[in-house]
Amino acid sequence: MASPTIAGLFDQKVVVGIADLAVSNNPTLTLATYSLGSCLGISIFDPVAKVGGLLHVMLPESKIDPDKAERQPAMFMDSGIPALFRAAYELKAEKHRVQICVAGGAQVMDSSGFFSIGKRNYEMLKSILNEHGLKIHAEQVGGMVSRSMYLNLATGEVRLKVSGQPEEVILCRN
Amino acid sequence: MQELDDYINKVKHLPPAPVVLPQLLPLLNQPDIDCSRVVEVITYDQSLTAAVIQTCNSAYFAGRSPVDDIQEAIQRLGFREVYQIVLAVSGARVLGPAQKGYGIAEGELWKHSVCTAVAAQLMAEDKGEDTSLVFTAALMHDVGKLVLAGALESIYAKVVEETEQNQYSLLETEKKLLGVQHAEVGGRLLARWKFPANLVSAVWFHHQPEAAKPHEKLASYVYLGNMIAHFMGYGFGHQAFALRGRAEALEILGLTADDLARYMMKTLEKFEEVQKLFGALKED
(Lines give C-alpha, C1' and ligand atoms only; values in the text may rest on other atoms or scores of the structure.)
Protein backbone atom coordinates (compact mmCIF):
# COMPACT_ATOMS: atom_id res chain seq x y z
CA MET A 1 0.00 0.00 0.00
CA ALA A 2 1.29 3.48 -0.87
CA SER A 3 2.10 5.73 2.08
CA PRO A 4 -0.50 8.44 2.63
CA THR A 5 0.19 11.92 1.31
CA ILE A 6 -0.51 15.06 3.34
CA ALA A 7 -3.32 16.02 0.94
CA GLY A 8 -4.66 12.48 1.21
CA LEU A 9 -4.92 12.79 4.97
CA PHE A 10 -7.20 15.79 4.60
CA ASP A 11 -9.41 14.37 1.90
CA GLN A 12 -10.66 10.99 2.89
CA LYS A 13 -13.53 9.20 1.31
CA VAL A 14 -15.86 7.03 3.34
CA VAL A 15 -17.71 4.64 1.07
CA VAL A 16 -21.32 3.92 1.92
CA GLY A 17 -22.28 0.56 0.43
CA ILE A 18 -25.64 -0.54 -0.93
CA ALA A 19 -28.19 -0.72 1.91
CA ASP A 20 -25.86 1.15 4.23
CA LEU A 21 -25.55 4.58 5.82
CA ALA A 22 -22.88 6.79 7.39
CA VAL A 23 -23.08 9.96 9.48
CA SER A 24 -20.19 12.14 10.59
CA ASN A 25 -19.13 15.61 11.76
CA ASN A 26 -15.54 15.20 10.58
CA PRO A 27 -14.97 17.97 8.00
CA THR A 28 -12.04 16.16 6.39
CA LEU A 29 -14.34 13.45 5.09
CA THR A 30 -16.34 13.03 1.95
CA LEU A 31 -19.13 10.48 2.14
CA ALA A 32 -19.49 8.61 -1.15
CA THR A 33 -21.88 6.05 -2.48
CA TYR A 34 -21.56 4.28 -5.81
CA SER A 35 -23.89 2.62 -8.24
CA LEU A 36 -27.29 4.09 -7.48
CA GLY A 37 -29.54 2.37 -10.02
CA SER A 38 -33.14 2.14 -8.91
CA CYS A 39 -31.75 2.69 -5.41
CA LEU A 40 -31.92 6.17 -3.89
CA GLY A 41 -29.08 8.08 -2.30
CA ILE A 42 -30.26 10.50 0.36
CA SER A 43 -27.85 13.00 1.87
CA ILE A 44 -28.55 15.26 4.82
CA PHE A 45 -26.43 18.17 6.06
CA ASP A 46 -26.81 20.55 8.94
CA PRO A 47 -24.69 23.61 8.05
CA VAL A 48 -24.63 24.89 11.64
CA ALA A 49 -23.68 21.70 13.47
CA LYS A 50 -21.61 20.66 10.40
CA VAL A 51 -23.06 17.19 10.54
CA GLY A 52 -23.80 15.21 7.43
CA GLY A 53 -25.08 11.78 6.53
CA LEU A 54 -25.55 9.62 3.48
CA LEU A 55 -27.95 6.73 3.03
CA HIS A 56 -28.13 4.25 0.13
CA VAL A 57 -31.56 2.63 0.15
CA MET A 58 -32.42 -0.35 -2.05
CA LEU A 59 -36.12 -1.05 -1.47
CA PRO A 60 -39.20 0.96 -0.44
CA GLU A 61 -40.84 -1.07 2.31
CA SER A 62 -39.52 -3.12 5.22
CA LYS A 63 -42.68 -5.24 5.50
CA ILE A 64 -41.16 -7.57 2.91
CA ASP A 65 -38.53 -8.65 5.50
CA PRO A 66 -38.91 -7.10 8.99
CA ASP A 67 -35.98 -9.09 10.41
CA LYS A 68 -33.71 -7.67 7.77
CA ALA A 69 -34.96 -4.16 8.58
CA GLU A 70 -34.03 -4.75 12.20
CA ARG A 71 -30.48 -5.83 11.34
CA GLN A 72 -29.92 -3.54 8.36
CA PRO A 73 -32.38 -0.62 8.43
CA ALA A 74 -30.67 1.11 5.48
CA MET A 75 -32.01 -1.63 3.19
CA PHE A 76 -35.49 -0.04 3.18
CA MET A 77 -36.75 3.51 2.87
CA ASP A 78 -39.22 3.31 5.76
CA SER A 79 -36.55 2.06 8.19
CA GLY A 80 -33.53 3.80 6.60
CA ILE A 81 -34.75 7.40 6.81
CA PRO A 82 -35.48 7.28 10.56
CA ALA A 83 -32.12 5.55 11.14
CA LEU A 84 -30.29 8.26 9.17
CA PHE A 85 -31.93 11.12 11.07
CA ARG A 86 -31.51 9.45 14.46
CA ALA A 87 -27.78 9.03 13.81
CA ALA A 88 -27.47 12.68 12.76
CA TYR A 89 -29.42 13.91 15.82
CA GLU A 90 -26.92 12.09 18.03
CA LEU A 91 -24.26 14.36 16.57
CA LYS A 92 -26.38 17.43 17.38
CA ALA A 93 -27.97 17.94 13.97
CA GLU A 94 -31.35 19.63 14.16
CA LYS A 95 -34.31 18.74 12.03
CA HIS A 96 -35.28 22.29 11.01
CA ARG A 97 -31.75 23.03 9.72
CA VAL A 98 -31.13 19.84 7.79
CA GLN A 99 -30.83 20.10 4.01
CA ILE A 100 -31.86 17.02 2.09
CA CYS A 101 -30.52 16.03 -1.32
CA VAL A 102 -31.65 13.01 -3.32
CA ALA A 103 -30.24 11.14 -6.33
CA GLY A 104 -30.90 7.86 -8.11
CA GLY A 105 -34.20 6.09 -8.67
CA ALA A 106 -33.51 5.31 -12.32
CA GLN A 107 -36.42 3.72 -14.11
CA VAL A 108 -36.68 1.21 -16.95
CA MET A 109 -39.31 1.50 -19.70
CA ASP A 110 -42.12 -0.35 -18.01
CA SER A 111 -45.85 0.03 -18.26
CA SER A 112 -46.60 -3.11 -16.25
CA GLY A 113 -45.49 -1.60 -12.93
CA PHE A 114 -43.64 -4.81 -11.99
CA PHE A 115 -40.27 -3.18 -12.55
CA SER A 116 -40.91 0.27 -11.08
CA ILE A 117 -38.72 -0.05 -7.98
CA GLY A 118 -37.02 3.31 -8.64
CA LYS A 119 -40.35 5.09 -8.73
CA ARG A 120 -41.65 3.30 -5.66
CA ASN A 121 -38.51 4.17 -3.70
CA TYR A 122 -39.02 7.84 -4.52
CA GLU A 123 -42.74 7.79 -3.69
CA MET A 124 -42.01 6.20 -0.32
CA LEU A 125 -39.34 8.80 0.41
CA LYS A 126 -41.70 11.67 -0.43
CA SER A 127 -44.45 10.29 1.72
CA ILE A 128 -42.13 9.85 4.74
CA LEU A 129 -40.70 13.35 4.34
CA ASN A 130 -44.18 14.84 3.96
CA GLU A 131 -45.30 13.13 7.11
CA HIS A 132 -42.49 14.87 8.98
CA GLY A 133 -42.85 18.23 7.24
CA LEU A 134 -39.49 17.89 5.52
CA LYS A 135 -38.64 19.11 2.03
CA ILE A 136 -36.07 18.05 -0.52
CA HIS A 137 -33.47 20.76 -1.11
CA ALA A 138 -32.14 19.43 -4.43
CA GLU A 139 -32.65 16.26 -6.40
CA GLN A 140 -31.73 14.42 -9.57
CA VAL A 141 -34.07 11.46 -9.69
CA GLY A 142 -35.34 9.04 -12.32
CA GLY A 143 -34.05 8.92 -15.87
CA MET A 144 -32.18 6.06 -17.45
CA VAL A 145 -28.76 6.25 -15.84
CA SER A 146 -27.00 5.03 -12.74
CA ARG A 147 -25.24 7.55 -10.53
CA SER A 148 -22.64 7.97 -7.80
CA MET A 149 -23.12 10.57 -5.06
CA TYR A 150 -20.62 12.47 -2.91
CA LEU A 151 -21.24 14.65 0.18
CA ASN A 152 -18.38 16.91 1.22
CA LEU A 153 -18.60 17.34 5.00
CA ALA A 154 -16.52 20.51 5.06
CA THR A 155 -18.84 22.43 2.76
CA GLY A 156 -22.04 20.41 2.53
CA GLU A 157 -21.64 20.34 -1.24
CA VAL A 158 -23.21 17.37 -2.98
CA ARG A 159 -21.79 16.15 -6.28
CA LEU A 160 -22.95 13.49 -8.69
CA LYS A 161 -21.16 11.34 -11.22
CA VAL A 162 -23.53 10.09 -13.88
CA SER A 163 -22.56 6.84 -15.60
CA GLY A 164 -21.49 7.42 -19.19
CA GLN A 165 -20.69 11.10 -18.58
CA PRO A 166 -17.09 12.13 -17.97
CA GLU A 167 -17.58 15.08 -15.59
CA GLU A 168 -19.05 15.25 -12.10
CA VAL A 169 -21.91 17.70 -11.62
CA ILE A 170 -22.85 19.73 -8.54
CA LEU A 171 -26.28 18.84 -7.23
CA CYS A 172 -26.31 21.24 -4.31
CA ARG A 173 -24.08 23.94 -2.83
CA ASN A 174 -24.84 25.09 0.66
CA MET B 1 -28.43 -14.84 -40.08
CA GLN B 2 -26.34 -13.82 -43.09
CA GLU B 3 -26.87 -10.19 -42.15
CA LEU B 4 -25.53 -10.85 -38.65
CA ASP B 5 -22.53 -12.76 -39.99
CA ASP B 6 -21.83 -10.01 -42.48
CA TYR B 7 -21.95 -7.43 -39.71
CA ILE B 8 -19.71 -9.47 -37.38
CA ASN B 9 -17.22 -10.16 -40.20
CA LYS B 10 -16.89 -6.45 -40.94
CA VAL B 11 -15.86 -5.58 -37.37
CA LYS B 12 -12.10 -5.24 -37.07
CA HIS B 13 -11.57 -6.07 -33.43
CA LEU B 14 -13.71 -8.96 -32.28
CA PRO B 15 -13.46 -10.10 -28.67
CA PRO B 16 -11.26 -13.15 -28.13
CA ALA B 17 -13.24 -16.40 -28.23
CA PRO B 18 -13.37 -18.10 -24.82
CA VAL B 19 -12.59 -21.47 -26.44
CA VAL B 20 -12.34 -23.45 -23.22
CA LEU B 21 -15.82 -22.62 -21.90
CA PRO B 22 -18.03 -24.27 -24.55
CA GLN B 23 -15.91 -27.40 -24.23
CA LEU B 24 -16.19 -27.57 -20.45
CA LEU B 25 -19.88 -26.74 -20.20
CA PRO B 26 -21.21 -30.08 -21.59
CA LEU B 27 -18.88 -32.01 -19.27
CA LEU B 28 -20.58 -30.49 -16.22
CA ASN B 29 -23.69 -32.61 -16.61
CA GLN B 30 -21.91 -35.92 -17.05
CA PRO B 31 -22.42 -38.18 -14.05
CA ASP B 32 -18.82 -39.42 -14.12
CA ILE B 33 -16.64 -36.52 -15.12
CA ASP B 34 -13.45 -37.65 -16.79
CA CYS B 35 -10.83 -35.60 -15.00
CA SER B 36 -8.18 -36.16 -17.66
CA ARG B 37 -10.54 -34.74 -20.29
CA VAL B 38 -11.06 -31.64 -18.15
CA VAL B 39 -7.30 -31.24 -17.69
CA GLU B 40 -6.80 -31.63 -21.42
CA VAL B 41 -9.34 -28.90 -22.22
CA ILE B 42 -8.08 -26.42 -19.65
CA THR B 43 -4.38 -26.86 -20.39
CA TYR B 44 -5.13 -25.92 -23.99
CA ASP B 45 -4.86 -22.39 -22.66
CA GLN B 46 -1.64 -21.95 -20.70
CA SER B 47 -2.32 -18.58 -19.16
CA LEU B 48 -5.79 -19.76 -18.14
CA THR B 49 -4.26 -22.82 -16.48
CA ALA B 50 -1.83 -20.62 -14.60
CA ALA B 51 -4.66 -18.30 -13.54
CA VAL B 52 -6.76 -21.22 -12.26
CA ILE B 53 -3.88 -22.54 -10.16
CA GLN B 54 -3.12 -19.05 -8.88
CA THR B 55 -6.77 -18.49 -7.96
CA CYS B 56 -6.86 -21.83 -6.14
CA ASN B 57 -3.91 -20.61 -4.11
CA SER B 58 -5.41 -17.18 -3.44
CA ALA B 59 -6.62 -15.88 -0.11
CA TYR B 60 -10.15 -16.96 -0.96
CA PHE B 61 -9.15 -20.59 -0.47
CA ALA B 62 -6.71 -19.79 2.35
CA GLY B 63 -5.68 -22.34 4.95
CA ARG B 64 -4.67 -25.03 2.50
CA SER B 65 -1.25 -25.91 1.19
CA PRO B 66 -0.59 -24.53 -2.27
CA VAL B 67 -1.52 -26.47 -5.39
CA ASP B 68 0.95 -26.62 -8.24
CA ASP B 69 -0.83 -28.38 -11.05
CA ILE B 70 -4.24 -28.26 -12.64
CA GLN B 71 -5.11 -31.89 -11.96
CA GLU B 72 -4.54 -31.38 -8.25
CA ALA B 73 -6.61 -28.22 -8.37
CA ILE B 74 -9.53 -30.08 -9.92
CA GLN B 75 -9.29 -32.93 -7.44
CA ARG B 76 -9.13 -30.62 -4.50
CA LEU B 77 -11.76 -28.09 -5.45
CA GLY B 78 -14.09 -30.19 -7.54
CA PHE B 79 -14.96 -29.60 -11.14
CA ARG B 80 -17.75 -27.13 -10.50
CA GLU B 81 -15.53 -24.82 -8.49
CA VAL B 82 -12.82 -25.03 -11.14
CA TYR B 83 -15.42 -24.29 -13.79
CA GLN B 84 -16.39 -21.13 -11.89
CA ILE B 85 -12.76 -20.04 -11.82
CA VAL B 86 -12.32 -20.73 -15.54
CA LEU B 87 -15.48 -18.76 -16.13
CA ALA B 88 -14.22 -15.87 -14.01
CA VAL B 89 -10.84 -15.74 -15.70
CA SER B 90 -11.99 -16.14 -19.29
CA GLY B 91 -15.08 -13.98 -18.76
CA ALA B 92 -13.04 -11.08 -17.36
CA ARG B 93 -10.71 -11.36 -20.31
CA VAL B 94 -13.58 -10.95 -22.79
CA LEU B 95 -15.80 -8.52 -20.88
CA GLY B 96 -13.23 -6.48 -18.95
CA PRO B 97 -12.27 -3.74 -21.44
CA ALA B 98 -14.02 -0.35 -21.64
CA GLN B 99 -16.76 -0.02 -24.29
CA LYS B 100 -16.68 3.66 -25.17
CA GLY B 101 -19.59 3.51 -27.63
CA TYR B 102 -21.85 2.60 -24.70
CA GLY B 103 -20.17 4.94 -22.21
CA ILE B 104 -18.96 1.92 -20.27
CA ALA B 105 -15.65 2.28 -18.40
CA GLU B 106 -13.08 -0.46 -17.90
CA GLY B 107 -14.34 -3.23 -15.64
CA GLU B 108 -17.95 -2.00 -15.63
CA LEU B 109 -19.36 -4.44 -18.17
CA TRP B 110 -17.66 -7.25 -16.28
CA LYS B 111 -19.16 -6.13 -13.01
CA HIS B 112 -22.58 -5.84 -14.64
CA SER B 113 -22.23 -9.32 -16.12
CA VAL B 114 -21.18 -10.93 -12.84
CA CYS B 115 -24.06 -9.29 -10.96
CA THR B 116 -26.50 -10.49 -13.65
CA ALA B 117 -25.08 -14.00 -13.40
CA VAL B 118 -25.27 -14.07 -9.59
CA ALA B 119 -28.89 -12.92 -9.58
CA ALA B 120 -29.91 -15.33 -12.34
CA GLN B 121 -28.18 -18.22 -10.59
CA LEU B 122 -29.93 -17.52 -7.28
CA MET B 123 -33.35 -17.66 -8.95
CA ALA B 124 -32.42 -20.80 -10.90
CA GLU B 125 -31.09 -22.51 -7.79
CA ASP B 126 -34.42 -22.13 -6.00
CA LYS B 127 -36.20 -23.64 -9.00
CA GLY B 128 -33.82 -26.61 -9.14
CA GLU B 129 -32.36 -25.68 -12.52
CA ASP B 130 -28.90 -26.24 -14.00
CA THR B 131 -27.20 -23.30 -12.30
CA SER B 132 -23.92 -23.49 -14.22
CA LEU B 133 -25.75 -23.15 -17.51
CA VAL B 134 -27.82 -20.23 -16.19
CA PHE B 135 -24.74 -18.56 -14.70
CA THR B 136 -22.78 -18.90 -17.95
CA ALA B 137 -25.62 -17.62 -20.14
CA ALA B 138 -26.18 -14.63 -17.85
CA LEU B 139 -22.46 -13.88 -17.70
CA MET B 140 -22.16 -13.77 -21.48
CA HIS B 141 -25.48 -12.00 -22.23
CA ASP B 142 -24.00 -8.66 -23.29
CA VAL B 143 -21.13 -10.00 -25.36
CA GLY B 144 -22.75 -8.51 -28.48
CA LYS B 145 -22.11 -5.03 -27.06
CA LEU B 146 -18.41 -5.58 -27.68
CA VAL B 147 -19.16 -5.93 -31.38
CA LEU B 148 -21.39 -2.84 -31.65
CA ALA B 149 -19.52 -0.45 -29.34
CA GLY B 150 -17.19 0.81 -32.06
CA ALA B 151 -20.04 1.74 -34.40
CA LEU B 152 -22.00 3.52 -31.65
CA GLU B 153 -19.12 5.72 -30.59
CA SER B 154 -19.61 8.33 -33.30
CA ILE B 155 -23.42 8.42 -33.05
CA TYR B 156 -23.79 8.80 -29.29
CA ALA B 157 -25.99 11.90 -29.61
CA LYS B 158 -28.42 10.03 -31.83
CA VAL B 159 -28.68 7.19 -29.32
CA VAL B 160 -29.60 9.64 -26.58
CA GLU B 161 -32.15 11.32 -28.84
CA GLU B 162 -33.84 8.04 -29.83
CA THR B 163 -34.06 6.81 -26.24
CA GLU B 164 -34.94 10.07 -24.51
CA GLN B 165 -37.14 11.86 -27.00
CA ASN B 166 -38.56 8.99 -29.04
CA GLN B 167 -38.70 6.50 -26.15
CA TYR B 168 -36.97 3.72 -28.03
CA SER B 169 -35.15 1.14 -25.95
CA LEU B 170 -31.40 0.82 -26.41
CA LEU B 171 -31.99 -2.41 -28.32
CA GLU B 172 -34.52 -0.80 -30.67
CA THR B 173 -32.20 2.16 -31.15
CA GLU B 174 -29.33 -0.11 -32.17
CA LYS B 175 -31.56 -1.91 -34.65
CA LYS B 176 -32.75 1.38 -36.12
CA LEU B 177 -29.33 2.99 -36.38
CA LEU B 178 -27.11 -0.01 -37.16
CA GLY B 179 -29.51 -2.58 -38.64
CA VAL B 180 -28.58 -5.12 -35.95
CA GLN B 181 -28.85 -5.20 -32.12
CA HIS B 182 -26.50 -6.46 -29.42
CA ALA B 183 -28.62 -9.40 -28.23
CA GLU B 184 -28.84 -11.10 -31.63
CA VAL B 185 -25.22 -10.27 -32.44
CA GLY B 186 -24.17 -11.76 -29.10
CA GLY B 187 -26.25 -14.88 -29.71
CA ARG B 188 -24.75 -15.34 -33.16
CA LEU B 189 -21.23 -14.79 -31.83
CA LEU B 190 -21.74 -17.44 -29.13
CA ALA B 191 -23.10 -19.85 -31.74
CA ARG B 192 -19.98 -19.27 -33.82
CA TRP B 193 -17.93 -19.94 -30.69
CA LYS B 194 -19.76 -23.29 -30.38
CA PHE B 195 -21.76 -22.61 -27.23
CA PRO B 196 -24.86 -24.86 -26.87
CA ALA B 197 -28.09 -23.87 -28.64
CA ASN B 198 -30.07 -23.19 -25.45
CA LEU B 199 -27.47 -20.75 -24.20
CA VAL B 200 -27.30 -19.08 -27.61
CA SER B 201 -31.07 -18.68 -27.64
CA ALA B 202 -31.18 -17.24 -24.11
CA VAL B 203 -28.61 -14.59 -25.00
CA TRP B 204 -30.25 -13.89 -28.38
CA PHE B 205 -33.59 -13.19 -26.68
CA HIS B 206 -32.47 -11.81 -23.34
CA HIS B 207 -34.60 -8.69 -23.93
CA GLN B 208 -37.71 -10.60 -25.04
CA PRO B 209 -37.57 -13.95 -23.23
CA GLU B 210 -40.87 -15.27 -24.53
CA ALA B 211 -39.42 -15.35 -28.06
CA ALA B 212 -36.72 -17.80 -26.92
CA LYS B 213 -39.16 -20.75 -26.91
CA PRO B 214 -38.46 -23.58 -26.08
CA HIS B 215 -35.70 -21.96 -24.00
CA GLU B 216 -37.86 -19.18 -22.56
CA LYS B 217 -37.07 -20.16 -18.96
CA LEU B 218 -33.35 -19.82 -19.45
CA ALA B 219 -33.89 -16.51 -21.27
CA SER B 220 -36.14 -15.31 -18.42
CA TYR B 221 -33.45 -15.99 -15.80
CA VAL B 222 -31.04 -13.94 -17.87
CA TYR B 223 -33.63 -11.21 -18.43
CA LEU B 224 -34.48 -10.87 -14.73
CA GLY B 225 -30.83 -11.18 -13.69
CA ASN B 226 -30.05 -8.29 -16.03
CA MET B 227 -32.93 -6.29 -14.57
CA ILE B 228 -31.73 -6.88 -11.00
CA ALA B 229 -28.18 -5.84 -11.95
CA HIS B 230 -29.60 -2.59 -13.32
CA PHE B 231 -31.71 -1.97 -10.22
CA MET B 232 -28.67 -2.49 -8.03
CA GLY B 233 -26.73 0.13 -9.96
CA TYR B 234 -24.64 -2.30 -11.95
CA GLY B 235 -26.11 -1.15 -15.24
CA PHE B 236 -23.50 1.18 -16.64
CA GLY B 237 -23.18 3.56 -19.55
CA HIS B 238 -25.39 6.19 -21.06
CA GLN B 239 -29.11 5.40 -21.22
CA ALA B 240 -28.45 2.02 -19.60
CA PHE B 241 -32.01 1.86 -18.24
CA ALA B 242 -33.56 2.19 -21.69
CA LEU B 243 -34.80 -1.38 -21.59
CA ARG B 244 -38.34 -2.67 -21.67
CA GLY B 245 -40.11 -4.20 -18.70
CA ARG B 246 -41.33 -7.70 -19.65
CA ALA B 247 -43.76 -8.91 -17.04
CA GLU B 248 -44.00 -12.26 -18.88
CA ALA B 249 -40.50 -13.12 -17.61
CA LEU B 250 -41.91 -13.22 -14.08
CA GLU B 251 -44.88 -15.25 -15.26
CA ILE B 252 -42.70 -17.79 -17.10
CA LEU B 253 -40.74 -18.45 -13.90
CA GLY B 254 -43.70 -18.16 -11.54
CA LEU B 255 -42.25 -15.17 -9.68
CA THR B 256 -43.82 -11.97 -8.32
CA ALA B 257 -42.56 -8.38 -8.02
CA ASP B 258 -41.94 -9.04 -4.31
CA ASP B 259 -39.82 -12.06 -5.22
CA LEU B 260 -37.78 -9.75 -7.41
CA ALA B 261 -37.14 -7.49 -4.41
CA ARG B 262 -36.15 -10.51 -2.29
CA TYR B 263 -33.72 -11.66 -4.96
CA MET B 264 -32.18 -8.19 -4.96
CA MET B 265 -31.39 -8.63 -1.27
CA LYS B 266 -30.00 -12.13 -1.84
CA THR B 267 -27.96 -10.92 -4.81
CA LEU B 268 -26.40 -8.18 -2.71
CA GLU B 269 -25.15 -10.73 -0.17
CA LYS B 270 -23.98 -13.28 -2.70
CA PHE B 271 -22.38 -10.70 -4.96
CA GLU B 272 -20.00 -9.64 -2.20
CA GLU B 273 -18.91 -13.25 -1.77
CA VAL B 274 -18.45 -13.77 -5.51
CA GLN B 275 -16.47 -10.56 -5.81
CA LYS B 276 -13.94 -12.02 -3.42
CA LEU B 277 -13.52 -15.00 -5.71
CA PHE B 278 -13.60 -12.96 -8.88
CA GLY B 279 -10.79 -10.79 -7.48
CA ALA B 280 -10.57 -8.65 -10.60
CA LEU B 281 -13.56 -6.62 -9.41
CA LYS B 282 -12.62 -3.37 -7.76
CA GLU B 283 -14.58 -0.41 -6.50
CA ASP B 284 -13.38 2.93 -7.87
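Predicted model: local features only at pLDDT ≥ 70, side-chain atom pairs only at ≥ 80, totals over all residues.

I started with the contact between the chains: chain A gives 30 residues and chain B gives 32. I counted two residues as in contact if their C-beta atoms, placed from the backbone, lie within 7 Å. On the side of chain A that touches chain B, strand β3 (residues 29-36) of chain A has the largest share, three residues. Strands here are DSSP runs of E, at least two residues, and helices are runs of H or I, at least four, numbered from the N terminus. By class, that side of chain A has 18 nonpolar, nine polar and three charged residues. Ala, Val, Leu, Ile, Met, Phe, Trp, Tyr, Cys and Pro count as nonpolar, Asp, Glu, Lys and Arg as charged, and the others, Gly among them, as polar.

Residues are numbered from 1 along each chain as its sequence is written, with chains lettered from A and ligands numbered from 1 in the order in which they are written.

Next I checked the core. Which residues touch the most other members of the largest nonpolar core? They are B:Val86 and B:Ala120, out of 147 residues. Such a core is a set of buried Ala, Val, Leu, Ile, Met, Phe, Trp, Tyr and Cys residues joined through C-beta atoms within 7 Å; buried means 20 or more other C-beta atoms within 10 Å of a residue's own. Helix α7 (residues 108-126) of chain B supplies the largest share of this core, 11 residues. Leaving aside neighbours within four places in sequence, I found B:Ala120 in contact with B:Val134, B:Phe135, B:Ala138, B:Tyr221, B:Val222, B:Leu224 and B:Gly225.

Note on methods:
Buried ≥ 20, exposed ≤ 12 C-beta atoms within 10 Å, placed from the backbone.
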